[in-house]
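Reader: Could you take me through how the helices and rings of this model are described, setting each value against its definition?

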Amino acid sequence: MADGLTLGIIGVGNLGGALAEGALASGAVSGVVAADISDERLGELAARIGDGFSSAGAAEAASRSDLVVAAVKPHIIPTVLQEVREALRPGCVLVSVAAGVPIIRLANGLPPRWPVVRVMPNLAMLVGESASALCINRHVTPEQMEVVESVFRSVGTVTRVEERQMHAVTGLTGSGPAFVSLLVEGLAAGGVLKGLHPDLARTMACQLLLGTASLLREKGWHPAELSERVTTPAGTTIAGLRELEVRAVRGALISAVEAASDRSAELAES
């Protein structure tokens, strides 16, 4: 599939840069053409990736690519669409990873009946563990869909959803790394409180989350089942769980995802 496939990326911040590296390293594409306002950022990425990577202006990157990913902030999307609109190759898919920007707004900035894909990845792209969700307009063919999925599978998992679900995805997995980081910070602080060195506490807390997530995914257990397996009558775990319930940690996490999802919806309307 990667034979001769060129990926254009407009914006090589954390997400765009991670996608460029992952797609090339996995063989999902044979070349990347990137555009960014920062020459320094482009230079750093070129030095890190080497063969297969080149830089150009947004219009030129679009004209040389089979798939173009707009990896910029939502308010910059209109500018990107204006720059690439006339340069896109026939059959080239426009992909956006901008939070809260609906497909209709993307399509309105492109030629009629243009294939558009909206993707919500997260920062775990940097280590190839993103939980990406995507939705498409009716002009995307099955073959084009497979190409887009293969590119984003190079940096993690990919799930297809309906566009109406994208706000929930944004609140859960898009913003989720910040929520999980807060959990790590709190768990590590608890370890420090009880005598662990801060570096050791952070390392153990990170491994704790990694191991627990792997158990849930690979064993197919419901979280409640895992919790039951490590909870004994009158033991240490139930004492800790009681504190979490008293302090409404579960409810706070639900509210955090809800608030982030609602904010995504607000961005879509603004």
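**Helix packing and a charge over a ring**

Author: Helix α1 passes helix α2 in a right-handed crossing. This is a predicted model, in which local features need pLDDT of at least 70 and side-chain atom pairs count only at pLDDT 80 or more, while totals for chains, interfaces and linings use all residues. Residues are numbered from 1 along each chain as its sequence is written, and side-chain values use heavy atoms, with hydrogens and water left out.

Reader: What makes the crossing of α1 and α2 right-handed?

Author: A crossing is right-handed if the near helix is turned clockwise from the far one by less than a right angle, and left-handed if anticlockwise. The crossing of α1 past α2 is of the right-handed kind.

Reader: At what angle do α1 and α2 pack, and what is that arrangement called?

Author: Helix α1 (residues 14–26) and helix α2 (residues 39–49) pack at about 20°, with their axes 11 Å apart. Angles under 35 degrees count as roughly parallel, over 145 as roughly antiparallel, 65 to 115 as roughly perpendicular and the rest as oblique, so α1 is roughly parallel to α2.

Reader: Which residues make the contact?

Author: With contact meaning heavy atoms within 4.5 Å, G17, A20, E21 and L24 of α1 meet L45, R48 and I49 of α2.

Reader: How is R229 placed relative to W221?

Author: R229 lies over the face of W221, at 4.1 Å from the ring centre; the rule asks for NZ of Lys or CZ of Arg within 6 Å of the ring centre and within 35 degrees of the ring normal.

Reader: Why are α7 and α8 called roughly parallel?

Author: Helix α7 (residues 166–174) and helix α8 (residues 176–193) pack at about 30°, with their axes 5 Å apart, and α7 and α8 are therefore roughly parallel to each other.

Technical notes: Axes are lines fitted to C-alpha atoms, for helices over the stretch in contact, and angles run from 0 to 180 degrees between N-to-C directions. Helices (H or I, at least four residues) and strands (E, at least two) are DSSP runs, numbered from the N terminus.
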